[in-house]
Structures are given as structure tokens and as C-alpha cells.
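This briefing is written for someone meeting the structure for the first time. Please look through the sequence and the model first, and then follow the topics below.

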Number of protein chains: 2
Amino acid sequence: MKARKAGRSDNAREATGNDAEMGEGCPLHWFDADLGAFDDLERRVAEHPADFFAGQDFDPVGACATREASFASVQIPEDPTAPQQHADHLLNDVFRHVMPVASPTFVGHMTSSLPSFMPSLAKIVAALNQNVVKLETSGALTGLERQVIGMLHHLVFARDDAFYAQWLHNAEHSLGAFCSGGTTANLTALWASRNNTLRARDGFAGINQAGLVAALRHYGYAGLAIVVSERGHYSLRKAADILGIGRENLVPVGVDEDGRMRVDLLRDTLRDLQQRNIRTVAIVGIAGTTETGAVDPLDAIADVAQEIGCHFHVDAAWGGATLLSARERARFAGIERADSVVIDAHKQFYVPMGAGMVLFRDPAWTQDIIQHANYIVRKGSVDLGRHTLEGSRGSAAVMLYANLHLLGRKGLAKLIDTGIDNAKYFASLIEQQPDFELDSRPQLCILTYRYVPAPVRAALLSASPEQREQLLEALDALTINIQEMQRDAGRSFVSRTQLTSSQWGGRPIAVFRVVLANPDTTHEILQSLLEEQRGLAKQSPMLPALMAMVGG
Amino acid sequence: MKARKAGRSDNAREATGNDAEMGEGCPLHWFDADLGAFDDLERRVAEHPADFFAGQDFDPVGACATREASFASVQIPEDPTAPQQHADHLLNDVFRHVMPVASPTFVGHMTSSLPSFMPSLAKIVAALNQNVVKLETSGALTGLERQVIGMLHHLVFARDDAFYAQWLHNAEHSLGAFCSGGTTANLTALWASRNNTLRARDGFAGINQAGLVAALRHYGYAGLAIVVSERGHYSLRKAADILGIGRENLVPVGVDEDGRMRVDLLRDTLRDLQQRNIRTVAIVGIAGTTETGAVDPLDAIADVAQEIGCHFHVDAAWGGATLLSARERARFAGIERADSVVIDAHKQFYVPMGAGMVLFRDPAWTQDIIQHANYIVRKGSVDLGRHTLEGSRGSAAVMLYANLHLLGRKGLAKLIDTGIDNAKYFASLIEQQPDFELDSRPQLCILTYRYVPAPVRAALLSASPEQREQLLEALDALTINIQEMQRDAGRSFVSRTQLTSSQWGGRPIAVFRVVLANPDTTHEILQSLLEEQRGLAKQSPMLPALMAMVGG
């Protein structure tokens, strides 16, 4: 049976017979229009993004200067704008002033290049406009999404064939969910953790029904906490706030020199919480911190979680794809013991923005967050929306499905290995320079460093506490200045962050941060990056003051 | 200054010098590949979705039958699949089995047809892969998003020029946010409401920092509640759960015959909560219920909220776009008095999935949910991520920006008016039939009805309570059966829901639900829809039993 072909828009006009409010160029024709202007725009911008970014008129820096002036009006235009005119505006005032995240010299952020078939798939997904909340509005994409979640679940937890035969397409259970990003994925995991911890029992309806106060009263706890290393992503603080736990009760645990959670301190923290009758809802391990890519000792954390009977969540939003690499996956030993794991497909699985995932080892894990409604996500249905924080949403799963097939496990592993190799190369290059300092050694493809002239390095070793603080302040100012000059020059980009360093007694220092996820970033580019920064340092107004301190 | 052009992928291989794990056809070439197979797929599926849905091989019903078999493996393939092979698979096993939501005969859901330039824009957005969490990864799209939020804010709240000049691009404030959907938008609004209600004061750090239990202790409340009509969307229950308030404490208020919140009952509810020392965090008005499109008496609710000093939130996820229509916007009088309003752009603003919005009348409203982090969303920056529930996300705003310009206010208004006109026409058509019953009169473009043979109608009027219950049960079964037969036939689609009706003493009845948002849905299509349902009713195994009860 076939769906009826769309009528032309004059049907709609005929149906209403009232064009009184419309001026010239009734826009209903846009539902079936000739698209010359947009075909052209699409070809220029989307066919080869890297070429577009390298083009003569591309100007990311212009964005800031023109931002407020270009986007000032709050009046919705009364009449339709001519297509060619709007396409030109989008090209000249918007797309030419975005950031060239796909450029191999822009190594400051987690978004990089995408496989070249991806924009085509995104176009198809938009054209079909399916809503995966429900089988009725997504058809085969519901089954596909369950399969993709199953593939990721298998990658992390490697349960046996019987397990997946039983649970993969089971309507009443879910092995995980796609989310709009890592933040909603972490929130979903911690929501499930909180609700499982304080679930219905002995006549108590459960925290999901009765709320947090009633739950604590029933269970007899004084409060709730989430425990994570001090390098935890800020989305965890947000989750603690939203869930009613409070940001103060996201308890940070100190890290070792490599930025990994110290398990001895974790035990101290948990003991302290227990003595204060505060129930730990989840211990969160990080598999790839945002700032330095550090991987927590997951197996040891899993031991602790098991001992005290607490949920173990792993935030692998950035690092999770490392599991694809036969060479690197041992770093993640213990992740298979987690209750929940978050992985972002729009990071190292190389799909466009908007594809977070939460995975649950136990398919019953979503029982305390499940919902239904009469008009949608009915009880007993396979509808994906029953187990998700979000409601209506598009199919991000099909993008990941394509990458898993078109690149294969080996192809994706090659990308992971390439990034880590590039980070190791760049770390050794930095260590060979007399005037750069490596601040975090790469575990994955992220590292941090800064520019420190040799005389300053020497002076820091022998400085008094007061002198040292002055030098560190001047170094911070120089680091920030170099990063901003490099950004404003627009040839390349590194990000920056603040790291607390045991070397400086826990004082936070400003550092450059690079993420080497783009397979087109070459050794030559990395060499040029340091050369450019060295040149910028010499132009920086912050340098003379610093050198004067060390008599230079 | 220019970003450096992408190197070719052999650079990456050269950089690593290690292809040991890769078999034939190193997939890094996918980062710069010839795309013949995907160009072709894109042309067939995305160029004219309505034609694709009307094509010979399109088969939505096949989705269910093949779902589990087609998507059964949890093994990520080791080696890359050939592009043509995967493109063929996607076409034949996935895209041919989705739901034809853009078909004018599929009037059961809120997703319908999109303007024809939209897929091109989606392709461009994916190719540029900007992350609007931060200016550094989105450039001009940050300013554009603030403008679009400002346009919607002006549409709802119509503050004066000085207001927007001061706040539109103010880094420390936000007039609202894009969200992945209406669920996260409602959650954001209620999160802000909860945190504002229990904010920092007198040495108390605020609920965001200290958590819900400490907040209630400090403020001296016994609990929290959210009050909404019994027709509230299930996302509000979810929000009450996530926020620690509890689903039981989302308190439903009864509705009048038109499905609108009864303000007298609202007052009773609030009085009761106050007597129990339960603080109402927000009163939620619905401007377009999901089930019948009913619009609550917003102005009267605003009066009540003002009297008791309570936040007023309006869920206009579906209906908000009605404000564009000069003819219809009076229905929403009072919405400008709300503290927060949610509108989904992927509904009646006709952009693809994933574009919810929350708007705040007062730009300081986000102060209690704001966040920052060293490596991202720095204090003082214009970064959009500081005020949003979500973190990294793509630019949905550019889609809405295009519709606001290419269709203009008048063009979008025409779509709204067309939908409402179609709904009125369909309602009158139903009322003319001897064997159909209109169950909710359209306020917007949604209505509900069911098939009730004339003898059954007559019998219901004179039936004893027991007979009546038997008849209503048989009618429910018939309604469900007709809806499923129509869905399975695949020519057209209406959804169904359950409505409590004062006519039947609050007993829920099963009804068909149509949403007439597709401007290509003609009067002729609506006539055929009833004809088809009448025909299906006569084939239904449920009909003879029903007719036997009335001696037919």
C-alpha cells in the first residue's frame, strides 16, 4: 500500500480560499519550490567543507566584530525574503563567519572533521523528518536505533549472545538510549541511579512518584551525594543541581600526577559521607577527562563501588570510542563493570553534533525512569520514548550506523590510534623545545602545554614563594595572550584551560590544550603550531614584563 | 586570515606510518572520498520526500515485520562495507520502511511536511558541524541564535526596543535557549522556576548549591508541587520526577467541556496545597494540549499566579506558533504575562526535529541555573552554553531563522490559519455524518472524533448504566480496531488517544485524533479519510458484536 502523494500547495490555498493576509509571493509555494539558490548554497558550503573553510572570503574572526550589528533586530519580517537574497545573506553574513572546526590546524576542540558522506545522510534524515520517540513516526529507524545501542552495549559490556537475543528488542526494557548530548546522557544515567537507589519498597511509592524529601525520610538518609574526581565535566555539577542533590554534594576526589582519581582518597571520601549518613547515589569514573584526556583507574573504582554497594557510572563521553582500538582498549579495563556508561557519538565516533548515548549494563536499569502516555509511548510498545529523558527527537542513530559500517571497527580504530600517535608525537616535540613545557602527558589524544622561556624555567626552580607567584601570574597572562592572539590571527586554533598542578602546590595554571582528533593534522602542522606560538610570544606585550622579572 | 586547507588523508597515514590493523580499503579515505553512491541516495530520497513516499517500493508497514530480523546483530563489523552496498542497504532496508510523515494523508502526528529548502540547510549545518555551546566553536551562529531567541521573545512578550537593545546580546543574561525538544525546554523552565523559588538568601547557598532537602529546611516548606491541567503533557511528569519534586506532586486540575483548565478548581487546588504547607513552584498553563489542541485561559491563570506570587509557565510547545497569526492570536491573551514559555520550532514553525525553545520574560531568570567551566563557557563570555540545560549541540536556530525570513510572518501565519480552517472544515464534515461523532471541537488544528453507528448513538441515550458501559467498551474496541486497520493498510494515518469526557461521567473513551498541520491536506483527502474509516468499520470484527447489543 502506498501513502498518497503530496498534493500541490494550491490545494491548500483552494481549501482555505482566503489569501487576505498574504502579500505578493504566497510562501506556501516553498513547500514545493524550485530551489536554485539553495542548491547553489549547498554546493558551495557543504560539498567540501574543508575547501570552503580555506576559501578566499572565509573569515571566522569577522564573526565577533559583526555579531551584534548583524543580528540586532527582534522583528520577525512581515513578508517573505527572496530566496536568492536570503541564500546570499546566509553565505556572506553567517556561514563565512563560522569556525573552521574541520580544519586540521584547528586542534582546540573536540569537534573536527567528518566522513564525507555524513552531510548527505544528514540531508536525508532532515527530509524524512522521522521522530524516533515512537514506532509510528519512525518505522525501521526504531529497530535500527535499538541495534546501534546494542552494538555499543556489546562494545562496552560484551554480554553473551543469549543476553542480546533476549533483550535487544524487548519492549519492556532498554539497553540504553540516544540523547541530544553527553550532558543529557550523564543526566539520564544519574537520574536512573538516584531513582534506583531510592526506589519503591515497603509501601513507599519510590522517589520518582513521591519526590526526594519523602524518599530520604523513608530511607532514613540525611542527604545524597555523587562522587567524582576533581576533573569531572561540568555537566555533572549541572546534573547534581537538576536532580535536587545540589552542586555542593557533587563531591570531588583528588587526582594523581596524571590526572587520575586517587582511589585512596575516594575511600576516605566515601567513609566521610557514610559517617554523615549521606547516601552516595553514584561513583563516577571518567574515561577521558575533557581537559587532559586522563582515564581514571576504572577497575579499582569498580572494586570500591562493589564493596559499598554503590552504583558505578563511567563518563566516557570523549574517550569511549577508544574501546574500538585493539591496541588501546586495555586502558579502559573495568568499564565493563560499570552500571551505566556515557559515550558521545559526535566526538570520536565522527558523526555530527547531537548524538550522546547512555548505556545500561542491566536492561532493568530503566525501570525506575520509564513512562507512558495515552497518545504516545504506550505501555507494552517498543517505542523508544518510553525509556528516554527526551521526548520527540530525530534519528542520530542512523549516522552512527553508517560510520560503524562504512568505516568498520578497524577504520574507526585507525582514527583513534592516529590521534593518540599524533598526541605522543606532539608531546615529544614539545619536550624537545627549550621554551615549551608539557603540562599533561597524553593518555588519549589530548594534551596540555605552555610557553615558558628557558630563563623563566630556571628562575622558577630557585624562586622564593613570592617571586614564584609573581612569575606564575605573569606566565598565566602570557599564555592567555598567546592563545587569544593565535585565535584572532585565524590561521590555527588551540584552546586553553586552567589546571591545578601538584608541581605548584595545587595553584591553577593557564595552559594551552590541544585535541588531535582530525586525521588530517600532520606532523608538519604541529611543528608550525609551535613556531607560530613562539613568534606570537615574542610579539606579546606580556613577555617583556616576564623577562624583566628574571633579569632577561 | 585563512584557516589552513585540509590535507589529504594520506598525510594522516604518513604521520602514523602504521596500517598494521587495517585490511584492504583503508577507511581514512572516507574523510575525502568520491561519493557517487551517496549522491545518488540523497537524490532519490531527499530531493522530493513526498515523491519518495509515493514511490512504488515504499513500504512503511514492512518496518514492523522486518524490524527484529533486520537489526539483530550486536557485532560492530570489523571491515568497511562497500559504499554502494551500504547505500543500497540503507535505501531498501531502512529508508523505504520509515513513516511517510510528510504525506498529506498522514494526519495523525505533529510532524508533517517541511519547506523544500530545509534538507539543503540541514546538510550545510551538518557539514559545518558547529557547536553552539561556545562562540569559539560556532562564530556567527551564536549571534544568530540570540537574535532568533529575541524574535520569539518579542513575538510572545513584545517588550520595548530599549529592553532588547539592553538584553539581546548581553553576556550575563539570556532571553531563553534552544533545547533538543519540548521536554528539555519544559524541564529547563521548571528547573529555573524551582531554583528561583528556593534561591540563595540569608546565608543559605540556594537549592542549586545545597540541594532540595536543605532548601526546604531553610524555607520551611513541607514539599513542592507543580500545578497543571489534567491534560498536561507527560514531559511535565518527567520533569517533576527528575527535579526531585515527584510525579505525585504534579497536581492535576480538572478541565471544562472544551478541555481548558477550570480556574475555580485551580484556586481550590492551590488553597489545599498552601494549607498543607506545600510550595507551588509553578502553575503551568497549556496553550495547545497535545490531545485536543485546547488552550487554557491564560489571562485568568496569570491573575491567580500573580495573586499568590507563584511562577507562571506556559507550555506552548505545539500552539506557540499561533501567535504569528493576526486572526488567531487573541486565543493566547495572557501569555505575555508568563514567566517562561516553551515553543517547539519543529512543530508549527516547520523546521526538522530537534528544535525546542524556552523563553524567559525576565532576562535575569536564568541566574539560578547559570554555570561556567574553565575550558568552556567562561564567566563573562557570550557563550550560549552558560544558560542551557544541554552542553554541546548543533545549530537548530539557523533553520528557524531561514523559515522566519523565507516564509515571513505572513507566510507562517497562513500555514497556521490553513490548519485551523482545515480543522473547522473537518469538524463540520464529521458533524454532518450520521455515523461519526465529534469529541473535541478544534481550537487549533487538532480534533478528536470516533465512529458511532446511528443506532448505537440512539441506544446510548436511553441505556441503563450497565448497558451504557457495555456499549462504551464495545465502541472503544471498535475505535482501536479501525485505527489499527487504517494504519496497517498504509494509505493514510490518524492517531488515537483516550479522553475523559464529562458526557460519560469522566470515563475515558478511545477516540481518533487528527493534526491538520500539512498545508497539502485537502478537503477531498479529509472526505476520503472518513470514507475509508466507514469502510473499515464495516469490515471490523468488532462491529457485529456492537450492533447485536442494539438489536442491529
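Is A:E42 buried or exposed? A:E42 counts as buried, because its relative accessibility is 6%, where buried means under 20% relative accessible area, exposed means over 50%, and partly exposed lies in between (1.4 Å probe, protein chains only). The model is a predicted one, in which local features need pLDDT of at least 70 and side-chain atom pairs count only at pLDDT 80 or more, while totals for chains, interfaces and linings use all residues. Residues are numbered from 1 along each chain as its sequence is written, chains are lettered from A and ligands numbered from 1 in the order in which they are written, and side-chain values use heavy atoms, with hydrogens and water left out.

**Where chain A meets chain B**

- The contact, meaning heavy atoms within 4.5 Å, takes 210 residues from chain A and 209 residues from chain B.
- About 17900 Å² is buried between chain A and chain B, with carbon and sulfur atoms giving 61% of that area; buried area is the accessible area (1.4 Å probe) that two parts lose on being put together, summed over both.
- Between chain A and chain B there are 56 residue pairs in polar contact, both residues being at pLDDT 80 or more; a polar contact is a pair of N or O atoms within 3.5 Å, where within protein one must be able to donate a hydrogen and the other to accept it, and residues adjacent in sequence count only if both atoms are side-chain atoms.
- On the side of chain A that touches chain B, helix 16 (residues 408-432) gives the most, with eleven residues; helices (H or I, at least four residues) and strands (E, at least two) are DSSP runs, numbered from the N terminus.
- The residues on that side of chain A divide into 99 nonpolar, 68 polar and 43 charged, where Ala, Val, Leu, Ile, Met, Phe, Trp, Tyr, Cys and Pro count as nonpolar, Asp, Glu, Lys and Arg as charged, and the others, Gly among them, as polar.
- A:S138, in the loop between helix 6 (118-128) and helix 7 of chain A, is buried with a relative accessible area of 0%, and its contacts beyond four places in sequence include B:V98 and B:M99.

**Salt bridges**

- Over all chains the structure holds 75 salt bridges, each being a side-chain nitrogen of Lys or Arg within 4 Å of a carboxyl oxygen of Asp or Glu, and ten salt bridges are counted between chain A and chain B.
- B:K123 and A:E42 meet through their side chains in a salt bridge (3.1 Å, N to O); B:K123 lies in helix 6 (residues 118-128) of chain B and A:E42 in helix 2 (residues 36-46) of chain A, so the pair joins two chains.
- B:K123, which counts as buried at 3% relative accessibility, also meets A:E47 in a salt bridge between side chains (3.7 Å, N to O).
- In chain B, the side chains of B:R450 and B:E437 form a salt bridge (2.9 Å, N to O), which links strand 9 (residues 446-451) with strand 8 (residues 436-440), the two residues being 13 residues apart, and both are buried.
- One network of salt bridges that share partners joins A:E42, A:E47, A:K123, B:E42, B:E47 and B:K123.

**The annotated lysine**

- The unreviewed UniProt entry places the annotation "modified residue: N6-(pyridoxal phosphate)lysine" on A:K347; UniProt positions are given in the numbering used here, feature names are shortened, and annotations may be inferred rather than shown by experiment.
- A:K347 lies in the loop between strand 6 (340-344) and strand 7 (356-360) of chain A, and at 16% relative accessibility A:K347 counts as buried.
- The side chain of A:K347 makes a polar contact with that of A:D344 (2.6 Å), and, leaving out residues up to four places away in sequence, A:K347 touches A:M110, A:A317 and A:W318.

**Positive phi values in loops**

- A:A158, a residue other than glycine, has a positive phi near 50°; A:A158 is found in the loop between helix 7 (140-157) and helix 8 (161-167) of chain A and is exposed, with a relative accessible area of 52%.
- B:Y350, though not a glycine, has a positive phi of about 60°; B:Y350 is in the loop between strand 6 and strand 7 (356-360) of chain B and counts as buried at 2% relative accessibility.
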